[in-house]
Every structure is written in structure tokens, then in C-alpha cells.
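This report walks through a few local features of one protein model. Look at the sequence and the structure first, then read on.

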Amino acid sequence: MTSSSRSGAFRAFVGAHRDAVEAALDELLPASELAPQRLHEAMRYAMFPGGKRLRPMLTLIGAAATGGQTEDALRPAAALECLHTYSLVHDDLPCMDDDDLRRGRATCHKVYGEPLALLAGDALLTLAFAGCAAGGGEAVAALASAAGSVGMVGGQVEDLAAEGSLKGGGSGSLEESPEASMAKLEWIHDHKTGALITAALVVGAHAAAGPGGVPADVLEILSKYGDTVGRAFQIADDCLDVTGSPEELGKNPGADVALGKLTWPALLGLEQSQAAARGLAEQASALAVELAAAVAAWRTVAPTCLDEMVLLLQDVAFYAVERRT
Ligand code: GRG
């Protein structure tokens with residue numbers, strides 16, 4: 001598949017599942033009338049109306065692409081969005097990126113104050129694990145690993161160190177050579193962004209696997225696909241920080257340059273970065289075909305369903321790099 005032959009399968013999938021994801025989120029989050037009301041209001045403020053809902057969609061896709069039922073992955077899908085939303089609330093705090101615009105409106109701490117925004121993030125993080133438990137122990141372990149010090153939080157720490165914002169560690173974005181800078185940047189992206197994108201898919205596969213669990217080869221290919229899409233997604237994010245508008249992004253562009261962040265456009269320029277992202281989408285497309293073969297060797301799935309899943313995974317990969325939001 002090339003970028004000019006996008007199938008529209010991802011847009012159709014989102015259209016078919018968006019209401020179910022919103023309902024699962026509404027069910028998982030405590031009602032704002034429940035004490036402490038202000039905390040639950042702040043959690044709901046950060047969550048609704050929300051953003052693209054990419055991660056919960058990927059959880060449902062992880063279930064479907066491995067021959068399972070999306071319904072089995074709905075609560076874990078909501079959990080992934082809770083975890084992602086916590087990371088955005090904390091990322092926007094003055095001690096992190098210090099942003100005042102997120103998802104098209106004032107950031108959580110601008111409305112509720114820093115202490116409550118911090119605690120709303122904490123509560124969303126812990127709620128994520130309660131929701132993910134519906135997908136079983138393997139799903140919880142995958143999410144914990146992707147979200148913690150060897151995943152997203154670890155990536156965030158190295159990102160802060162690279163921009164020179166960490167007391168006692170890291171002095172800025174320049175490594176000894178361009179190659180070393182690129183290796184550092186890939187490490188940061190793979191941990192800060194890619195780990196959760198891969199976990200979203202893997203959690204979905206575990207949640208819908210049934211007895212016996214997911215075979216190791218299926219998990220490995222699905223994870224490689226997630227890692228590849230995750231890296232492409234973050235390159236696109238870096239490019240959008242240069243080319244996007246506040247209306248498109250729902251946040252202020254130009255923040256990476258202002259913070260002196262290590263980014264793909266800063267290292268390679270815009271065009272080469274966009275080409276690298278497209279190259280990763282091509283690689284992910286090939287992995288989608290490999291995944292279908294591994295799933296077919298494991299479970300009985302109608303060949304037409306498998307073909308549809310390949311198209312869907314390929315469309316997701318190109319969406320990740322062509323998106324404007
Ligand atoms: C633990 C204090 C503390 C802070 C944690 C972990 C962390 C702070 C931040 C995570 C790093 C982070 C925000 C990475 C950026 C990943 C990214 C590209 C986010 C934007 O995702 P989209 O575009 O957003 O999917 P929407 O709003 O559409 O859901």
C-alpha cells in the first residue's frame with residue numbers, strides 16, 4: 001500500500017466504535033456527583049470530549065486483528081485512554097511542558113489548579129489498572145511495563161534530561177555526533193510514545209485471546225507493528241509541532257522549539273523526517289501481512305476477516321503519519 005491508496009478502513013472503524021468507547025469511558029470514570037466531586041469533575045474535564053481516542057481504538061484493533069471480539073476489549077480500551085489522559089494532564093503541568101491549551105481548551109491545571117490536576121492525573125492512572133484488569137493479568141502486566149520507568153515515564157525522564165530540564169541530569173540535546181543524537185531521540189520516542197501505542201494493541205490481544213492466551217509469535221509481530229507505528233506517530237507529532245495550527249492540533253504548536261527539545265525536524269529537517277515516517281508506515285504495512293499469517297496458523301478466522309484486518313492495520317499506519325490533528 002502507498003500513501004495514495006489509503007483505504008479509509010480506520011476512519012470506518014472509528015465511526016463504528018466511537019460511541020462504544022465513549023460509553024465504556026463514561027462507565028469507568030466515577031460520576032462527577034460522587035465525592036470528592038471536584039476531583040471527579042477534573043478527571044472528567046480532562047477526559048471529555050477528548051481527543052482522537054487513538055489508543056482505545058488500537059486496543060479494539062488489537063483484539064480484532066488477532067481474531068478476537070472487540071466487545072471483550074472495551075473496558076481495557078477505556079483503561080488505555082485513562083492512562084494516556086493522565087500522561088497529558090501531567091505533561092501539561094508547569095513543572096513539565098507548562099502548556100495552557102490541550103484538546104482545544106484550557107489545560108486541566110489552568111481550570112482546576114495544579115494540586116487538583118496532579119491528583120486527577122494520579123487517579124486516572126490508578127483507574128486505568130482497575131479497567132485493564134478486565135483483560136486479565138497479562139494485559140495488566142503489559143500496561144504496567146509500558147507506562148512505568150522502563151516505558152513512558154522513563155522516556156519522559158530522558159526527554160526532560162535532553163532538553164536540560166532535569167536537576168542533576170542531562171545538559172541539553174546535543175550528543176557527540178548526529179548518529180548519537182538520533183539514537184537518543186529514537187530511544188526517547190520509543191519509550192515516551194511508542195510503548196503505550198504497542199501496549200494498546202497487546203492489551204487488546206490479551207483481553208480477547210480466550211483460554212491458552214496469545215501465542216508468542218503473534219505477540220512478537222503485533223508488538224513490532226506497534227513499535228513501528230508508534231515511532232512513525234511521534235515523528236509525525238514532531239512535524240505537526242512545526243507545520244500545524246492551534247485549531248488543527250487543539251494545543252499550541254512550536255512548543256518543542258520553545259523548550260529546546262530534541263526532535264526529528266530539528267535533527268533531519270522537515271522533509272526527511274516526513275519521508276522517514278512514511279518509510280515506517282511501509283514497514284508496518286508489511287508486518288500487518290505477517291501478523292495475519294501468524295493469526296491464521298493459531299485460530300480459525302475467516303480469510304475475508306483477515307484480509308480486512310490487514311487493510312485496517314495498513315490504514316492505521318498511514319493515518320499515523322498523514323494526520324493533521
Ligand atoms: C509522572 C509526573 C509524571 C509525569 C508523567 C509520562 C508523562 C508525564 C508524559 C508522557 C509523555 C507524553 C505526553 C508523550 C507524548 C505522546 C503524544 C504524542 C501525545 C499526544 O497524543 P495524541 O495526539 O493526543 O493521541 P489526543 O489528545 O488526540 O489523545
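Helices here are DSSP runs of H or I with at least four residues, numbered from the N terminus. The model is a predicted one.

Most peptide bonds are trans, and most residues other than glycine have a negative phi. The bond that joins Ala35 and Pro36 is cis, with omega at about -5°. Another cis peptide bond runs from Phe48 to Pro49, where omega is near 5°. Pro49 belongs to the loop between H2 and H3. Arg53 is also placed in the loop between H2 and H3. Arg53 is not a glycine, yet its phi is positive, at about 60°.

**Helix H15 and its partners**

How do the axes of H14 and H15 cross, and at what angle? Helix H14 (residues 270–298) and helix H15 (residues 303–322) have axes that come within 9 Å and cross at roughly 160°. Angles over 145 degrees count as roughly antiparallel, and H14 and H15 are therefore roughly antiparallel to each other. Their crossing is right-handed. By class, the contact of H14 with H15 has 15 nonpolar, two polar and two charged residues. Residues of H14 in this contact include Ala277, Arg278 and Glu282, and those of H15 include Leu306, Gln314 and Phe318.

H15 also packs with helix H3 (residues 54–65), at an angle of about 155° and with the axes 10 Å apart. H3 and H15 are therefore roughly antiparallel to each other. The crossing of H3 with H15 is left-handed. In this contact Leu54, Leu58, Ile61, Ala64 and Ala65 of H3 meet Met309, Leu312, Leu313, Val316 and Tyr319 of H15. These residues divide into 10 nonpolar, no polar and no charged.

Leu313 is listed in the contact of H15 with H14, and Leu313 is listed in the contact of H15 with H3 as well.

**Around the ligand**

Which residues are closest to the ligand? The ligand is surrounded by 18 residues, and the closest are Lys52, Arg55, His84, Arg103 and Gln156.

| Side chain | Distance from an N or O atom of the side chain to a ligand oxygen atom |
|---|---|
| Lys52 | 2.5 Å |
| His84 | 2.7 Å |
| Arg103 | 2.9 Å |

Key: Residues numbered from 1 in each chain as written. Predicted model: local features only at pLDDT ≥ 70, side-chain atom pairs only at ≥ 80, totals over all residues. Heavy atoms only, no water. Axes fitted to C-alpha atoms, helices over the stretch in contact; angles between N-to-C directions. Helix = DSSP H or I, 4+ residues; strand = E, 2+ residues; numbered from the N terminus. Parallel < 35°, antiparallel > 145°, perpendicular 65-115°, else oblique. Left-handed = near helix turned anticlockwise from the far one by under 90°. Contact = heavy atoms within 4.5 Å. Nonpolar A, V, L, I, M, F, W, Y, C, P; charged D, E, K, R; others polar. Near = heavy atom within 4 Å. Polar contact = N/O pair within 3.5 Å; in protein donor to acceptor, adjacent residues only side chain to side chain.
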